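Q: I would like to learn how to read a ligand site and a nonpolar core in a model of this kind. Could we go through them one after the other?

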Amino acid sequence: MKKIRTKLSIISFISLVICFLCAYWGYRSYKGLESINAQLMQATDIEANLRLATDLPFYRSINKNLTAYKGQLEPEYRDKLMKKIISAHNRKSRGRLKTAIKNFRKQEKRRTSYLKDNKSVYESRILSLAYVMGLSYLLTILFISLYTYSSVFRPLKSLSKRMIDFLDNRYTYQFRVPKENEVGELELNFHSLAQRVLNNIEELKSLDSAKSDFLNMASHELRTPLTSIKGSLILLQNGVIGEVNEKSKQLLGIAEVETDRLIRLINELLDLAKIEAGKFPLQQDWCSLDEVITNTLFSLEGLAATADVKLSYENKNKLVEIDKDRIQQVITNLMSNAIKYSPQKGTVRVAASLDNNNHILIEIIDQGKGISPEDQSLIFEKFRQASGPQNPIVKGTGLGLAIARAIVEEHGGEIGVHSRVGEGSTFHFTLPTWKEDTSAPDEEQNDDEGVAA
Ligand code: ADP
């Protein structure tokens with residue numbers, strides 16, 4: 001199965017053996033060449049001394065030079081011929097010397113030509129070995145490049161494309177017999193993994209839809225009785241049925257608050273069900289941004305007063321094309337969260353401006369304990385609440401931000417949060433469609449206006 005590795009190992013081994021053999025023969029040839037060169041140099045040296053011996057008188061120094069070759073010359077016949085030359089020189093016999101030198105030169109001529117022939121054989125052998133080595137190196141590189149391209153890089157590229165398709169939900173399974181190598185194995189594993197993930201997603205989807213169906217049905221069934229329970233509680237509290245003592249009033253008050261919470265939860269669940277079913281039509285109209293924000297702040301004054309939190313907003317004189325109730329729902333959710341998580345005597349500020357894309361940017365800034373970076377990416381998911389010591393679980397559903405995100409995205413905007421633990425949070429969202437409100441007074445004059453609680 002591990003074909004690629006085996007093939008690459010075999011070809012690398014063969015190329016290594018070829019290179020090793022070439023290097024070995026090359027080294028031996030080089031050594032041979034070196035020895036021939038040394039012998040040729042010696043022959044030149046001897047010839048120079050012989051010339052001196054013929055041309056000059058019988059000097060002792062020449063005799064000494066010739067004697068140095070004695071016993072050093074190979075093959076044996078050279079040594080013998082040299083001995084004759086030395087002996088003739090010793091006897092100072094010019095005639096004998098000439099004859100001895102003539103014999104020596106005759107033999108040397110043959111030998112030198114033999115050495116030169118050998119030298120060119122060695123030289124061409126070294127050259128051929130260098131060619132073989134270079135060619136084997138080039139062929140190995142070529143084979144490895146082509147083989148890795150066709151067996152590794154090309155299939156990996158196509159696999160990577162399939163992975164991207166998978167991530168972009170465009171994955172389709174086409175059966176192909178994978179190659180019997182490591183990449184084929186990877187391809188096969190990826191397809192099995194993708195199939196398993198797709199099956200799991202299908203399973204989760206059907207479970208999720210069953211859960212949503214159940215929640216919808218339960219919410220619908222609960223809303224009517226809860227509304228009538230709330231009505232009955234108000235009647236009881238107001239003494240319509242009969243006088244109610246302080247203790248009972250207190251208990252009825254708690255029951256009403258909790259009933260409100262349940263009704264809110266059910267409404268949020270039903271909103272979410274509508275969003276998920278794509279049945280969340282917006283009724284967009286041009287309206288004043290200031291009006292939407294100040295109305296929301298007004299409705300939250302009671303909550304802010306109870307929490308001892310100040311609210312502030314600077315008017316901006318813009319008209320936005322929105323579903324007023326839905327955007328009010330978003331701001332209410334973000335503001336009530338900000339109030340809920342603010343310290344006493346803190347301030348929650350609402351600011352409207354234009355962002356880099358020239359969209360209206362609305363920011364809700366609090367001085368609460370902030371949200372950790374890991375939680376910031378989670379809290380916009382449904383049923384998710386921030387955890388950790390700075391975020392003790394406050395009674396809530398974990399649905400508000402998921403609904404706010406869906407509403408903002410339906411308007412073509414974006415929602416997000418910047419926060420640093422211990423320094424507060426800034427929730428922000430954008431509204432892309434707006435125009436100046438020419439009927440309103442100048443912004444500068446309104447900058448000091450605000451709503452305070
Ligand atoms: P809920 O408030 O009902 O729990 P949300 O979806 O509105 O649900 O908020 C999700 C979570 O985000 C909250 O439970 C809280 O942990 C965190 N959160 C939201 N707003 C703030 C804020 N202004 N400061 C700190 N944490 C916040």
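Q: How do the residues of the shell around the ligand divide into nonpolar, polar and charged?

A: One begins by sorting the surrounding residues by class, keeping in mind that this is a predicted model. Here the shell around the ligand consists of eight nonpolar, nine polar and three charged residues; 20 residues surround the ligand, and the closest are Asn337, Asp366, Gln385, Thr397 and Leu401.

Q: Which element gives the most to the shell around the ligand?

A: Helix H9 does, with four residues, although H9, helix H11 (400–410) and strand S7 (424–431) each supply at least two.

Q: Which residues touch the most other members of the largest nonpolar core?

A: Among the 45 residues of that core, they are Met335, Ile362, Ile364 and Phe429, and helix H9 (residues 324–340) contributes the largest share of the core, seven residues. Beyond its neighbours within four places in sequence, Phe429 is in contact with residues including Ile327, Val330, Ile331, Leu334, Ile362 and Ile364. A second, separate core has 16 residues, among them Ile46, Leu81, Ile86 and Ala100.

Note on methods. Residues are numbered from 1 along each chain as its sequence is written. This is a predicted model: local features need pLDDT of at least 70, side-chain atom pairs count only at pLDDT 80 or more; totals for chains, interfaces and linings use all residues. Side-chain values use heavy atoms; hydrogens and water are left out. A nonpolar core is a set of buried Ala, Val, Leu, Ile, Met, Phe, Trp, Tyr and Cys residues joined through side-chain atoms within 4.5 Å. Buried means under 20% relative accessible area, exposed over 50%, partly exposed in between (1.4 Å probe, protein chains only). Contact means heavy atoms within 4.5 Å. A residue is near a molecule or strand if one of its heavy atoms lies within 4 Å of it. Ala, Val, Leu, Ile, Met, Phe, Trp, Tyr, Cys and Pro count as nonpolar, Asp, Glu, Lys and Arg as charged, and the others, Gly among them, as polar.
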